[in-house]
Amino acid sequence: MSDAPISSDLIRGHIDTIVLGLLNTGDRYGYDICKRVSALSDGEYELKEPTLYSAVRRLEPQGFVRSYWGEAGPGARRKYYTITEKGRAAYRQNLDDWKRARTLIDRLVSGTEEEG
Amino acid sequence: MIVEAIRYYVKGAFQGVKETPQVLEQQEELIADISAKVEDLVSEGKTREEALGAAIASMGELSALVDEFRAEQEALNLNADAPLVPTVEVYSGSLEFHTAAITTGVVAFLMLMCTAVGAATDTIRGFVGVVLLALLAAAVWWLRETYIRSVPRWSEVETRVLVQGGRVLKSIGLAAGLAFGAVFLNVIFQSNDFWFWPLWVAATALPIRLMVEWFAIRQGWFLVQDAALTKEVDQFA
């Protein structure tokens, strides 16, 4: 059971935060973001491009990310995404929310009160 | 070859979605992503064909993303499958055609009656028949022009601006031009003492035309049933 891939349902609600977190470290294009997610999760979670683009299509109108076209290699044009100040604030907020939720869920699923 | 296959796959997934700049950019991103993935897999030792299959498989279903674009376009009525709406020019042309037909009919009836009275009282003579024929030809031309404009030319964008001012000015110009032309012919050929009768006809025809159009607009006969447009109708009616 422990070897099974992590259910994408568990992660789906946090895609926006994951994308914002990756962009917080620098501008990236779509495929690069997907590769970083795969690398960070040691291959346990794969962010599919359609899911990623749905997320940026939500984040862009909210003013959390901006996009621009740039070069990624010979002959290839790439659309880069960059985080805005509003996006950084949203990321920090989401991170705080996640930390509080994680503590709470840990307590709930273990059925015991957290030590300390 | 591989790039063409990728392009074919992505374009196929977006079938039925209108290719707006946003859609084209999204397609370009997906094509670039799959191409990059193919290159990565080839560098890992796969053949190009194997890499293409694996890259497309790992992309997952595009349908959810495509559906988002489709839903957006449906909200904007831009979807290629959505029924096309006639432009406001078609409604405008249809209105003008019917107005022209009714006005011509009423005026032709009045002129026939006047001619009959004139002939009976011997006040109309000679060349007046030619003038009447010229007016009839002008009326036929008017009907033809308006009919052509009323034939639906379907468009994806409904401008929803009913331009009545242009039509009224055109009508006034047409009526004045015809009346003075007919008066000129009357005076040149001195066919009768009632040389100013075309002015009388024009002065009768124009209000009839405007009244017919005003009535038709008030009834909403030639307008799309739309609350936004009804407001615009009220503004000039």
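Predicted model: local features only at pLDDT ≥ 70, side-chain atom pairs only at ≥ 80, totals over all residues.
Me: What makes B:Ala100 a buried residue?

Reply: A residue is buried if 20 or more other C-beta atoms, placed from the backbone, lie within 10 Å of its own, exposed if 12 or fewer, and partly exposed in between. B:Ala100 has 23 such atoms within 10 Å, so it counts as buried. B:Ala100 sits in helix α5 (residues 88–121) of chain B. Neighbours within four places in sequence aside, B:Ala100 is in contact (C-beta atoms, placed from the backbone, within 7 Å) with B:Trp142, B:Leu143 and B:Thr146.

Me: Why is A:Asp42 called exposed, then?

Reply: A:Asp42 has 7 other C-beta atoms within 10 Å, and that puts it in the exposed class. A:Asp42 belongs to the loop between α3 (30–40) and α4 (49–59) of chain A.

Me: What about phi of A:Asp42?

Reply: Phi of A:Asp42 is near 55°, which is positive, and the residue isn't a glycine. Most residues other than glycine have a negative phi.

Me: How do you know that α4(A) is mostly covered?

Reply: Eight of the 11 residues of α4(A) are buried. They are A:Glu49, A:Pro50, A:Thr51, A:Leu52, A:Tyr53, A:Ala55, A:Val56 and A:Leu59. For chain A as a whole, 25% of its 116 residues count as buried, and for chain B it's 27% of 237.

Me: Why are α3(A) and α4(A) called roughly perpendicular?

Reply: Their axes (lines fitted to C-alpha atoms, for helices over the stretch in contact, with angles from 0 to 180 degrees between N-to-C directions) are 10 Å apart, at an angle of about 115°. Angles under 35 degrees count as roughly parallel, over 145 as roughly antiparallel, 65 to 115 as roughly perpendicular and the rest as oblique. So α3(A) is roughly perpendicular to α4(A). The contact takes A:Gly30, A:Ile33 and A:Cys34 of α3(A) and A:Glu49, A:Leu52 and A:Tyr53 of α4(A).

Me: And what makes α2(B) and α3(B) oblique to each other?

Reply: The axes of α2(B) and helix α3 (residues 48–59) of chain B come within 8 Å and cross at roughly 130°. That angle falls in the remainder, and α2(B) and α3(B) are therefore oblique. Among the residues that make the contact are B:Ile34 and B:Leu41 of α2(B) and B:Leu52 and B:Met59 of α3(B).

Me: Which residues have the most contacts inside the largest nonpolar core?

Reply: A nonpolar core is a set of buried Ala, Val, Leu, Ile, Met, Phe, Trp, Tyr and Cys residues joined through C-beta atoms within 7 Å. The largest has 38 residues, and those with the most contacts inside it are A:Val19, A:Leu20, A:Leu23, A:Leu52, A:Val56 and A:Val65. A:Val65, its neighbours within four places left out, touches residues including A:Leu23, A:Val56, A:Leu59 and A:Tyr81.

Me: How many residues does each chain give to the contact between A and B?

Reply: Chain B gives 15 residues and chain A gives 11. On the side of chain B that touches chain A, two or more residues come from each of α2 (21–43) and α4 (63–75).

Conventions:
Residues numbered from 1 in each chain as written. Chains lettered and ligands numbered in written order. Contact = placed C-beta atoms within 7 Å. Helix = DSSP H or I, 4+ residues; strand = E, 2+ residues; numbered from the N terminus.
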